[in-house]
Amino acid sequence: GFKKRAAAMLVITALLIAVSVLIVHMITSAGYRDESSFASYAADYFRNNDMEQSVGRGEQEIRYGKTASTAISLPVLKTGVSNKVIRRASGAEKTMFLEKYRNSRSGGRRACMLTDYSTFNTPYSAVGVVILTKYESTDAGGRNMGVRGTHVTAYNFSTQTGIDVRKERIFKGDYAEAERGLVERALRKKYGSDLKDGWRDKTDPDTFAGKFVLTNTGVRYYFDNASVISSGRDNGVAWCEIKYRDLKGYLRDDIGVCRIDTTKKMVALTFDDGPSRYTGRILDILKKYHAEATFFELGINIDRMPGSGRLLKRELAQDCEIGTHSYSHLYLTSVKRSRALADIEKSRETIKKATGCEPTLFRPPGGVITQDLENSIDLPCILWSVDSRDWANRNVKKTMRNVMAGGDLDGRVVLLHSIYPSTVEAIDKMIPALQKKGYQFVTVSDMIEYRYKDEIVSNKIYGNKYFTFSGKDR
Ligand code: ZN
């Protein structure tokens, strides 16, 4: 009867599924044995990976090794800076991988790293790039190749400058909660019960674990390394796309647009020791004159001052840059090395918690640093080339005169503090006076990139000498 036939169908279907799962399993666990089979293993991976590649061309490098093999496919974009950034990050991943397996002594164990990418055209002056790396290895017996982890790196490169556009220059306003709601709904819809327990922690704006790229149609969010789904599905990489129309009001319309006139003189104002009750007024003045600046904030002030988070977010929203000035204003060379490093680390976490973004620069209290210490701090160290001495004179005229007396200020970094009312008054006069002389006010990172045409490197001390030249010298 009908029941019997239905039962038979069910058994046949189950068998078919079992057989196909077995075949798929055999294919995936067969892995590779030698150089030529690794080449075809990698080729199969790239072919079946279903990445979207709509910008630039590609470049592949396949290296077989007895214990560790790599197959890396990367995009080649029109902007050299972008290619450099992609290759440096990928190179670091590869080095770490090779080191890990070079040192693994378990007999017969093999591993491979497979890197592939997607590129997206966008309606903005930006290209989205996703680099997906999958790590596979055999068990100790040298059999059964399986996925051990996945890692996504996402970039949104300006097509004008090649520089990876920061999140604050893509989103605007109070987007974080709205973004979270949309991402959660999209993940729930796509993955349903496949979502892991605790997956919502990863979309918390304070510790947001997603990486995002702009595409032709929306913002695509990635969650790698089985952070929201198990590695059994899609190798543990979950993604969802929020359409641009749903993010209306939260996206800037000048994404990727270079705001700096590289033919004009540039000066970088820097404010140390904040946030304070004067920070808001400094931001008002900067806004009034469409000027940007860099704030070197103290972790302890962020923790102690009510509303500090809002101030720091405002700094970013006004295209200013945030660096750390340590947590408790320790003179780093006067304390134990471990204490100095812990203090910096704590300040970084405090800023990340307040803004959702890591500080991009570091200025040591008192300007005291050694190269040895700097080597252990993974942030560029920024000193200055014009000292306003605002901390000593606390006088509007003197502060202003000390800056203006610097003569040619093109390429210079000015030391100021955000804790004196005299400084606030001084910049209200200084900024328009310098603008009249043809200066534009940029952040320190923009100064290094656009004035000095340099790539910013961590572990480097940028001192008085670096920030001093008359435009014609270069
Ligand atoms: Zn200081």
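Predicted model: local features only at pLDDT ≥ 70, side-chain atom pairs only at ≥ 80, totals over all residues.

User: OK, metal first. Which residues coordinate the zinc ion?
Analyst: Asp-273 through OD, plus His-325 and His-329 through NE2, at 2.1 to 2.2 Å. Donors here are N, O and S atoms within 2.8 Å of the metal (3.2 Å for Na, K and Ca); water is not among the atoms, so sites may look incomplete.

User: And how are the donor residues spaced in sequence?
Analyst: The pattern is D-x51-H-x3-H. Asp-273 sits in strand β9 and His-329 in the loop between β11 and α8, so this pair ties together parts 56 residues apart in sequence.

User: Is Asp-273 buried or exposed?
Analyst: Asp-273 is buried, at 13% relative accessibility. Buried means under 20% relative accessible area, exposed over 50%, and partly exposed in between (1.4 Å probe, protein chains only). His-329 comes out as partly exposed, at 26%.

User: Now the backbone. What's the phi of His-329?
Analyst: Near 60°, which is positive in a residue other than glycine. The loop holding His-329 runs between β11 (321-324) and α8 (337-355). Arg-394 also has a positive phi, about 45°, without being a glycine. Arg-394 is in the loop between α10 (390-393) and α11 (396-404), and it is exposed, with a relative accessible area of 52%.

User: Where's the cis peptide bond at Pro-275?
Analyst: It runs from Gly-274 to Pro-275, with omega near -5°. Pro-275 belongs to the loop between β9 (265-274) and α5 (279-288).

User: Switching topic: how much space lies in the second largest pocket?
Analyst: About 960 Å³. On a 1 Å grid over the protein atoms alone, a pocket is an open set of points where a 1.4 Å probe fits, with protein on both sides within 12 Å along at least five of seven lines; lining residues have an atom within 4 Å of a point. Points are joined across faces, edges and corners, and the volume is the space filled by probe spheres set on them.

User: Which residues are closest to its centre?
Analyst: Of the 33 lining residues, those are Tyr-45, Asn-48, Asn-49, Lys-134 and Asn-235. Elements that each supply at least two lining residues include α1 (2-30), β4 (126-137) and α4 (175-191).

Notes:
Residues numbered from 1 in each chain as written. Heavy atoms only, no water. Helix = DSSP H or I, 4+ residues; strand = E, 2+ residues; numbered from the N terminus.
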